[in-house]
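User: I would like to learn how to read the features of a protein model. Could we go through them one at a time?

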Amino acid sequence: MASNPVDPLQTLQAALNTEPNSKEQADLLASLRESLEAQPAPIRVLVPILISRVVNAGDSLLKSWVIDLFHYGLCRSSLSLDVKTQLSSQTLETLFYLLDDPNPAPVKVVTQCLATVYPLLFRSLCANRNNPAAWNLLSSCKSKILGFVGLPGVNLGVKISALKFMQRVILVQVPQGVSDPRLQNKNDPNLSFCPANHPFISVTQLEAEGQLLLKTVIEILYSTQNVDLLSALLNSWPTLVKTRPNMMHLVVAALKQWTPAAFNGLSASTIKSAEKAVRILLTHILRLPSASQFIPQINEALATQASRMELAASEEKKKRAAVAAGVIDTRKRPTTEADRTDVKRVKLEAEPPAPDPSLSLLASFDFSTLPATLITDLIVANLEAFTEPALVSLVQVYRQRLGIGTVSTSVPPAPAATASGSVPVAAPTVPAVSDIKSVGKDIARPPTIEPSTTTPAPPIKEEPVDPLQMDIDQDELEYEPDRLNEELSGPVPSLKTARQLDSAPGTEEQPINLSLSEFKLPPPKDMVNIDDRIDLISKSITRIHEGAAEMQSSTNVSTDSDVTIGGPMDMWMLLVVRMFTRVAEPPELDLSNDGEDTPMDNEEDKSTPFYERQDRLRRILCDYIMSDFPGRIRLATTWMNEEWYNDQIRLERNPKWRPNYDIWLGQIVASYQTHLDGKDRTFARFLLDLPSLPADVVSLLRELCVDNESPDKMQIGFSTLRGFVMQRPLMRADALNVLLELTTHPEKKIRGAAINTVKLWVPNHQPMDSMIREFALQILRKLQRSTTEKKKTTMVTDELEEGEDENMEDGQLPPEDLLQTPYLPERIELPAEKSHVLQHVELLFALSVKVPDLLDDLFAAYGQMDITVQEAIQSLITALVRSLGSSHGKLLTLMRTCPPGAESLALRILSIFTEHGRPSPQLVALVKGLINERDLDARFLIPIIAEMDKPDIVRHLPRIVSILDGKLESKTLVRSVFSSVVTTPPQTFGSVTSNMPRVRQSELLTPAELMVLLHDSEKEIGIKSAKEAIGICFSMTDVFRSEILAVVMQQIMDEPVLPVLFLRTVIQAVTTYKSLVGFVSTTLLSRLITKKIWTNPLLWEGFIHCAKVIAPASFGALLQLPKDQLRELVDKQPSLKAGLRDYVTKKAPNKARVSGFLDIFSESTAVESSVEGIANGGPPRTQPEPGAGSGSA
């Protein structure tokens, strides 16, 4: 297949379309896997999409294939570290939830993947200080996996993978031991990568945790009895001592002190495997250059271990030789001190005969070294080798040799003094002896057999005995047969006494009744005192549980593995709990009145003592469970399920029965919640196994989730609720409702944890998906409600109140139908605060990443919100828009088709796209089309104006300038636009030659072109806005320098029609740059006169004002005016007369013209003097005639 590469997408699509778990699908997936191993690049695209589909899915071929592919891509492929880091970041949340998969196989693979993910993301997050959510999620994964190591009942493969993960965490969180950063390995993430002032990663806490984990690993080294677990632990230490030389002394010391003491009682091969694993590691460390100073210690440890292994091998060789020679009887397991009971065997007075010589050889052999299974198989094989008569004969011979009486298995009666066997016997004709106390129970003992002179009893017919009808404890019968036979048979007489009885005259052997059909236990003692009863039951509970534990240990059931349901523990638990629920009956109440009223108080008085007594008994059981809740969780679960079922059947018979399930479940939960630990999953497992969940327990889980001061309790609360949603359909609605309400919590940490929990089920898991979406939309509608009410109060009169529902806008609900949560007000207060709005929309924003269609509802509701709510949403939506990207199809569609009222939101999205980069050509084309199709705000043009070509800039720029309204915000926007569309002229602008490059000349405007454009478009822009825009240009002194303004004025002068604002700009230019006065006075004013500027009243006024501003430089140009216009000018600006007269008198060369100008100026002066004289209270002053004045002069 490698020679014929396949198309990954087509092959995957074909595999998904075939029948699940079929051979065809397996072949397609196998060929795709082979292709991806040859070309692993598509893994980074396929895995994040596929792995999210297998979360919470059942076991399938596709699920295993996807998880294995992810493991390959992350751990064994040739992908770069950056790609693997990105892949880890994208799938971290999915991996977290896969750790809860009920099948251990995917959990094992995911744990192995996270061992690679942890150092990759640690290195990434050390550099990225803006993603605390990823670190919190990674820490949750770490806590969950580390809990697998010490949690009982975890699959061995999962536990080994978790132990390897723990070793990897130790590598990351233990210092590298190299202070010089130049010598540190950059591909070995460790604490030195993290700065001390990191906002959410605490180096001190991580280092302390690493040291604690290292201590835990050493404890496992000394205590584990599993060779596989020990090998996995030791195989991870070579990497530790190589990369962390400062840990060498600790590892060597731990290995030197290790002995196989924890493996006592296991087979020699198991102990040998453990010794070899330790020896291999010590030998490997010995060869390392960094271990030179530890060579004496390592050699000493190897020598000690070698002698220990030689001694064990010698003993094993002797045992094998003895077995081969037939000296050791492997068919019988030796009796050790641990197997002996506290009841001593009866010692016979007669001395036993000399032992067989072969027995002396057996005395030196230690049978405890043989495995129990081997002994059992040998015993069964030897028993099957004999026929039943032969086996009975051999037993009798053996008993006779030891001086023990025999029991006849045939019909003739056996001697009374030697009754013994596998079934206890009793003689009903003989009175019973006193009771014997044994094994914590009062058992009535069968009577002893005494010699009788009466006629012998008739022979007993041999019949099979039904073992189910026996009253004898089957456990005692199985484990203590001899002891039980002696107790049931009474005192065994000595051999001498037995012979005397046999030789007594008239003594005859009495037959023994082997049937127990008539055997009955004596009636129990009547305990009147309630305290005595309760004390007896308390002791019975303890004995029963201890007895069950002994049975469990005797059957070699490991405490680390799940006990089979229906085993000894379950039977004893069921017996204990039913002692409280099923045995006692409440006093019967008279439910029939018979025409007379029965006082309720009397009925309660009758039942109160019963409930009080039962509560005391249940309290004993509750205290017993809570003293070791993790170890007795199955008893607690059995008890609660029995209480729930008992309440159901009791209530059917007696409606007045007081339920106990809710009461005692609350007691257990309240007692254990103070001991909760984030790594302990016992509490969650207990709650998940309950038949129902009372409201107070749901409230408790809510309280755990909102306990912000205890991260462990928060983790337990959220994980338990998540388990109810996923695994308990009947409780799903209540648990999911709590989680959804927590998504509106005012605390960001709690709200974020709830959102991360629920968004996993969107969009692929029903019915959770639809419930979560509906909740998010209901909360969004709460933001519309206040706006609707405000409109009604201001616009709707009393006559229109009856039609409120008909006039309600689309998407709005009546106030009574809006969803309410404990953490949100009934209506949002206006003006709205950003934090309150965030409580309403954060869940919707998080879901929109996975389901972009939800943005349609956001845009539809946006136009019906208050302006303060809209402003908050515009600010809060930034992170969502950036995560989706400017090329996201849904966002572009919404911008193109945004509903009325949502334009400002679309504009905000456009601004976010262009804040830190240039807009894409697709976005520019979209906005240009919108401007042409719809009458949108000119602000839509601002983000993209710089990406347009020059004709588009010239066409759209006046519309942007028209937004100027005298406010600072609009001025800032227009100034930014000018900066983006105008090229900054070089410092050599205006010189003859320049070698400076012309940047985007064909696309951007020159400063002169912009200024000319503003003047030419003054009508489109508006005079007021145009004035403001020109003022902005003058404020940009680095762009609009004096030479630029001179060019501008020259270009405008060349136009046939001058703009109204032209002379205002000229005045502003000469005011700003005094160097322009000469150009204006000598060139500009003269050209204006030739254009007959006085024909345009507005421009004429500007001309007069400009002449006054630059006077006396303007006098030479003013003398070019016709006399009428000059007279009008000096009439409007009298202050220019004196200057003009002096200028004419002193500088004008033509005397004829001077006389004409003086005529204009003197005439004006005479009038002025007359007015001045009248104003001073004297006669009007007269000026001489021009001719006289000149003649006298």
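**Reading the model, feature by feature**

Analyst: Start with the surroundings of one residue. Beyond its neighbours within four places in sequence, Cys126 has contacts with Phe193, Cys194, Pro195, His198 and Ile201. Keep in mind that this is a predicted model.

User: Where does Cys126 lie, and is Cys126 buried or exposed?

Analyst: Cys126 is part of helix H6. Its relative accessible area is 5%, and because buried means under 20%, Cys126 counts as buried.

User: What does Thr116 touch, and where is Thr116 found?

Analyst: Thr116 is in helix H6, which covers residues 104-127. Residues up to four places away in sequence aside, Thr116 touches Leu74, Cys75 and Arg168. Its relative accessible area is 18%; the cut-off for buried is under 20%, so Thr116 is buried.

User: How is Ile625 placed, in which helix, and with which contacts?

Analyst: Ile625 belongs to helix H23, residues 600-626. With a relative accessible area of 0%, Ile625 is buried. Outside the four places on either side in sequence, its contacts are Arg632, Leu635, Ala636 and Trp639. One of these, Ala636, is eleven residues from Ile625 in sequence, with 6.6 Å from C-alpha to C-alpha.

User: Now the whole chain. How many helices and strands does the protein chain have, and what share of its residues counts as buried?

Analyst: The protein chain has 53 helices and two strands. Of its 1193 residues, 43% count as buried. Contacts can also be sorted by separation along the chain. Among those with a separation of 6 or more, 71% are between residues 24 or more positions apart.

User: Why look for a nonpolar core?

Analyst: In soluble globular proteins, nonpolar side chains tend to be buried together. Here the largest nonpolar core has 189 residues, and Phe978 and Phe1103 have the most contacts inside it. Apart from that core lies another, of 105 residues, including Leu29, Leu234, Val278 and Leu281.

User: Which residues is Phe1103 in contact with?

Analyst: Neighbours within four places in sequence are again left aside. Phe1103 is then in contact with Leu1063, Leu1085, Leu1088, Ile1089, Ile1093, Leu1118, Leu1121 and Leu1129.

User: How do I read the packing of two helices? What is the angle between H7 and H9?

Analyst: Read the angle and the distance between the axes together. Helix H7 (residues 132-150) and helix H9 (residues 203-223) pack at about 15°, and their axes are 13 Å apart. Angles under 35 degrees count as roughly parallel, so H7 is roughly parallel to H9. Their crossing is left-handed. On the H7 side the contact is made by Trp135, Lys142, Leu146 and Val149, and on the H9 side by Leu206, Glu209, Leu213 and Ile220. These contact residues divide into six nonpolar, no polar and two charged.

User: What is the arrangement of H34 and H38?

Analyst: Helix H34 (residues 854-862) packs against helix H38 (residues 903-913) at about 130°, with 8 Å between the axes. H34 and H38 are therefore oblique to each other. Leu858, Phe859 and Tyr862 of H34 meet Ser904, Leu905, Ala906 and Ile909 of H38. The contact holds six nonpolar residues, one polar and no charged.

User: What is phi of Asn21, and what is phi of Lys1092?

Analyst: Asn21 is a residue other than glycine with a positive phi, near 65°. Asn21 lies in the loop between helix H1 (8-17) and helix H2 (23-38). Lys1092, also not a glycine, has a positive phi near 55°. Its place is the loop between helix H47 (1077-1090) and helix H48 (1097-1110).

Technical notes. Residues are numbered from 1 along each chain as its sequence is written. This is a predicted model: local features need pLDDT of at least 70, side-chain atom pairs count only at pLDDT 80 or more; totals for chains, interfaces and linings use all residues. Side-chain values use heavy atoms; hydrogens and water are left out. A nonpolar core is a set of buried Ala, Val, Leu, Ile, Met, Phe, Trp, Tyr and Cys residues joined through side-chain atoms within 4.5 Å. Buried means under 20% relative accessible area, exposed over 50%, partly exposed in between (1.4 Å probe, protein chains only). Contact means heavy atoms within 4.5 Å. Axes are lines fitted to C-alpha atoms, for helices over the stretch in contact, and angles run from 0 to 180 degrees between N-to-C directions. Helices (H or I, at least four residues) and strands (E, at least two) are DSSP runs, numbered from the N terminus. Angles under 35 degrees count as roughly parallel, over 145 as roughly antiparallel, 65 to 115 as roughly perpendicular and the rest as oblique. A crossing is left-handed if the near helix is turned anticlockwise from the far one by less than a right angle, and right-handed if clockwise. Ala, Val, Leu, Ile, Met, Phe, Trp, Tyr, Cys and Pro count as nonpolar, Asp, Glu, Lys and Arg as charged, and the others, Gly among them, as polar.
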